[in-house]
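Colleague: I would like to learn how to read cavities and aromatic contacts in a model. Could we go through an example?

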Amino acid sequence: MFKLALRNILRQKSRTSMTLAAIVFGVSGLILTGGFVADVLTQLGEATIHSQLGHVQVFKQGFYEKGSRSPEKYVIEDADQIARFAAKMPEADTVLQRIRFAGLLNNGKADWAIVGEGVEPDKENHLGTFVRITAGRQLKDEDASGVLIGDGVAKALALEPGDTVTLIMNTADGALNTTELNVVGVFQSFSKDFDTRAVRIPIAAARELLARDGANSIVLLLHRTSDTALVKDLLVPRLQSLGFDIRDWVELSDFYAKTVELYRTQFGVLQWIVLIMVLLSVFNTVNMSVFERVGEFGTLMALGNTRGYVFRLVMVENAMLGLFGAVVGVVLGTLAALAISEVGIPMPPPPNSNVAYTATVRVLPNTVFLAFGVGLIATLVAALLPAHRVSRTPIVDALRYNI
């Protein structure tokens, strides 16, 4: 049967070519679009992690919901102890502390409301590989009176590196405190809204201004993003009962979660479109091919072959077509993905972002298997109805097509 099916495929060159073209383009299209979407989400995730959030953060319970209004109420007093404990985890690359404050930044002419962070500069620089310095330099540990400001803050107050600003804020007890700071640099992170209000100073300076030790958050940067769930699962049972809230970067980034949902919905719709396209194309060519060969199938049945044999013959022919087309589609799609990735696809900044990026097409095993399965299964499904019809055609009616 396989030998006869192969000879029938090779005999119908035009029909075979049309069917294969539909399968190959469908499979290749799924690999390219799936790889592109995966790369966009991966780069978006890494930008989110390495510009601000890290992989996992530890807060006092309630800080995530209410801490932006009163960060002084949610200070982790034993932050050093927790940071040392987290740093011992083999998955952890860097563990850093942050303390948050709000206040006014004054350039001598105007005030600008800011949301500040006291950070450990050298560790923060190691985490923030996606933070772009647009003027000046990064904040360093030795910058006792230095300040790194967001691009939006610099534009609002017309500030440049080397300028002196006054930071006005309240201590944890409510007293007014001020200090003069030197602008060392201007940065752009992944979030335009964050850059509009963000100011970073050394954590020692922030604690002195707040008259409070400790930290509002402990940020873990891991060696591998894939370890995020594992680390969170290890921290939750040990810290949650002590009054701490542990969240990973996906929970902290609402924008990323909604973007993933959007892209997955779009890719799901695209998969259905490709599946329907392959189904209709294959059904059309198979139906025409089977209709032209009704007399041939009538002869087979007249010679003693069963209707089941005819049905299986048509299905085997299309299974071979689907298998070959899916394999060729996978090869061409993979080669195209690698070629496009070598060149790169320039992409504009995502919504609410300042940073453009270069996209590639990732060749992922699950996407490749999915595309292969869609090509093969669509071909088999499209052949069911024509195969059933011709196998149920009365022998006498089928033989008339030979006249």
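Colleague: What volume does the largest cavity have?

Modeller: Bear in mind that this is a predicted model. The volume of the largest cavity is about 150 Å³.

Colleague: Which residues lie nearest the centre of the largest cavity?

Modeller: Ser289, Arg293, Glu317, Asn318 and Leu321 do, out of 15 lining residues. By class, that lining has five nonpolar, seven polar and three charged residues. Helices α1, α2, α11 and α13 each contribute at least two residues to it.

Colleague: Which helix gives the most to the lining of the second largest cavity?

Modeller: Helix α5 (residues 121-127), with three residues. This second largest cavity holds about 80 Å³ of space, and Arg200 is one of the residues lining it.

Colleague: How is a pair of aromatic rings described?

Modeller: By the distance of the centres and the angle of the planes. Five aromatic pairs turn up in the whole structure. For Phe63 and Tyr74 the centres are 6.4 Å apart and the planes are at 65°, so this pair is edge-to-face. Phe63 belongs to helix α3, while Tyr74 is in the loop between α3 and α4, eleven residues apart. Both Phe63 and Tyr74 are buried. Phe187 and Phe194 make a tilted pair, at 6.3 Å centre to centre and 50° between the planes.

Colleague: Which ring does the charged end of Arg200 sit over?

Modeller: The ring of Phe187, 5.6 Å from its centre. Phe187 is itself buried, at a relative accessible area of 1%. Likewise, the charged end of Arg197 lies over the ring of Trp112, 4.2 Å from the ring's centre.

Note on methods:
Residues are numbered from 1 along each chain as its sequence is written. This is a predicted model: local features need pLDDT of at least 70, side-chain atom pairs count only at pLDDT 80 or more; totals for chains, interfaces and linings use all residues. Side-chain values use heavy atoms; hydrogens and water are left out. On a 1 Å grid over the protein atoms alone, a cavity is a set of points where a 1.4 Å probe fits but cannot get out, and a pocket is an open set with protein on both sides within 12 Å along at least five of seven lines; lining residues have an atom within 4 Å of a point. Grid points are joined across faces, edges and corners, and a volume is the space filled by probe spheres set on the points. Helices (H or I, at least four residues) and strands (E, at least two) are DSSP runs, numbered from the N terminus. Ala, Val, Leu, Ile, Met, Phe, Trp, Tyr, Cys and Pro count as nonpolar, Asp, Glu, Lys and Arg as charged, and the others, Gly among them, as polar. Rings of Phe, Tyr and Trp (its six-membered ring) pair if their centres lie within 6.5 Å; planes under 30 degrees apart count as stacked, over 60 as edge-to-face and the rest as tilted. Buried means under 20% relative accessible area, exposed over 50%, partly exposed in between (1.4 Å probe, protein chains only). A charge sits over a ring if NZ of Lys or CZ of Arg is within 6 Å of the ring centre and within 35 degrees of the ring normal.
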